[in-house]
Amino acid sequence: MSLMTVAAGLIGASAVFATQLPAGSITEEIRSESWQVRSRALTMLNNLPPGEKETAFGDAGLQKTISSLLADENERISVSFVTGVGVGREYGEGYSEYYAELLEASLALLPLVYGTDRGGEFLEALVLGSYNPDSSVVTTLAGYGDDVANVAFKMTTAPLIHQRWNAYELLGAVVGQSGKKAQSKSSLSAATRRQAISVLSQALQSDDVTIVRHAIHALGETGSDEALTVLQAELAKPDRPRSGDDLHYRTTRHEELVKAVMRIQAKR
Amino acid sequence: MNSVRGVRSKPTTVLLVAFGLVQCFAGSTAWAQSPLASVTLVEGSQPEPSSAQDAKPAAGPSAGEPATFSSVWGCDGFAASSEPWLTAEAQLMLKVNNQVVASQIFYANVWGAVYSVSAWVESSDDWRNVSCEIYVADLNGSTSAGDYGEIPPECGDERTTLIAEYGTYGVSWAPGCYVFTQNVPTSSHYSFSSWRSPNYSWAVLKEYAVSNVYCVVSNHGSTPGLNSGYRSPSHNHSEGGATNSRHVYGDAADLSASQAAVWDSLRANAKSGACSIGCVEPRSATPSWFHVDYRGPCPAGWELD
């Protein structure tokens, strides 16, 4: 065997190794007991070149591992929040950034898992995840129409306030995106659409000023005629006197209503 | 070399023009296992400087001032010819910021030869690259090798120790002396002693970050407590912070926010008015504080689009 043949063989072997590495060892590391090891593996996964990433995400073992890990981490974050400690203090400050890597991997995985047996459960875990109400996660999830709206409806009564914020913002984004076919992964039925606007409209009467403000913002995001009618009707009423938590905000409720109306008008 | 960044390349050999395959010198000495050129960068070696121009000046540093010529860097190089009947010409160079500070030309046969050069290197208030390089050529072709490192800054005060902490704790970045301040660089609702790390009188405070936190708090109306601004790597470690926490980069702040409405209004205010939009750790992870940083692209879910 010539040296050139040996060299060619080695190159061939390394190419095979490169495609096998992500699904095998990354999955193994994502199952590690240490979140730091899991974090490193997820960062590696998210940074794989496009071709290798597709191969890795196509692996059923990896899909299952990420799916169950997301549900577990959501639970861990909620428990830590309820105790008032927070995952950053409980597990180390880098934990939140690790979760963000998991979220990024999960969002990349969603189109592959959606429509399979695990799809509904996985989508629900993502909706219940840890993200800001105005983050791109909301925009991405909103493309899943009825399926995401149905989880969001349930989440409007979640015990954790930030999950309720996310629920209202998701409903606004789902309706807002339903008109943009290119961004929608599933359709939004007329009934779900009506229900979403109804839920948002009812939230305007909430005693929690944070919910009211998210509902106003979400109605503005829908860009719909129905929402415009609701907002204008609300605007016609005298503004509530500001007290308690409302005083923390820079703007008044009326000012937020005006901004929402203007957003709808700008979308036309 | 004990660079505070703690990262340095291993000596490498690069074949610029093919010798064919790397040659094996079966039955020869220990050099037979070696490539035709290799180098090692050495810090703290104490050989006499290789030329008069590199001699250490008589005057030492004054108290509180940076030393002028503070360390000796050495460069050990090995070269060999590719075949027994050839002689290789080698040039060994020690470079600082790509400028040659010491060099030597020597000749080697197939068994190889080892030469060293060294130089006193002037201290600086910023990081510099240092390299040991060798270029070897004979009638069959040429090859080269390099070993690379970084020279830490010397500030003449506690900043030198503070900079060393970035390497000790594995931070991916380390500042130069001039990055530190003893004042809040722009308008702020918080004093310098609130922003800095408790164990040092210097801090890294990125002006755009302080300015944006000022904007967020001004929009907010009342002034929440500043739980954490800049953290030295050791303080960050003792607080359980991530190795590359934005607090050691001086572009993050944790504001007190145990009430959901305070957190939510800070979030809303962080993207209103003239504030640049930063990265905000989701509420679910921060039950009693509001973390904002200005790193650039945010982790997933931390954006305020």
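Helices (H or I, at least four residues) and strands (E, at least two) are DSSP runs, numbered from the N terminus. This is a predicted model, where local features need pLDDT of at least 70, side-chain atom pairs count only at pLDDT 80 or more, and totals for chains, interfaces and linings use all residues. Residues are numbered from 1 along each chain as its sequence is written, chains are lettered from A in the order in which they are written, and side-chain values use heavy atoms, with hydrogens and water left out.

**View 1. The β4–β5 loop of chain B.** N97(B) is found in the loop between β4 (88–96) and β5 (99–108) of chain B. Though not a glycine, N97(B) has a positive phi of about 50°. Its relative accessibility is 39%, so N97(B) counts as partly exposed (buried is under 20% relative accessible area, exposed over 50%, partly exposed in between, with a 1.4 Å probe and protein chains only). N98(B) lies in that β4–β5 loop too, and has a positive phi of about 70° without being a glycine. With a relative accessible area of 59%, N98(B) is exposed.

**View 2. Helices α4 and α6 of chain A.** The axes of α4(A) (residues 60–82) and α6(A) (residues 95–113) come within 10 Å and cross at roughly 135°. Axes here are lines fitted to C-alpha atoms, for helices over the stretch in contact, and angles run from 0 to 180 degrees between N-to-C directions. The two are therefore oblique to each other (under 35 degrees is roughly parallel, over 145 roughly antiparallel, 65 to 115 roughly perpendicular, the rest oblique). Residues of α4(A) including I66(A), L69(A) and L70(A) meet residues of α6(A), among them Y98(A), Y99(A) and L102(A); contact means heavy atoms within 4.5 Å. By class, this contact has 12 nonpolar, three polar and two charged residues (Ala, Val, Leu, Ile, Met, Phe, Trp, Tyr, Cys and Pro count as nonpolar, Asp, Glu, Lys and Arg as charged, and the others, Gly among them, as polar).

**View 3. Helices α10 and α12 of chain A.** Here α10(A) (residues 161–178) and α12(A) (residues 209–222) pack at an angle of about 15°, with their axes 7 Å apart. That makes α10(A) and α12(A) roughly parallel to each other. On the α10(A) side the contact includes W165(A), Y168(A) and G172(A), and on the α12(A) side H214(A), H217(A) and A218(A) are among the partners. Sorted by class, the contact of α10(A) with α12(A) has six nonpolar, six polar and three charged residues.
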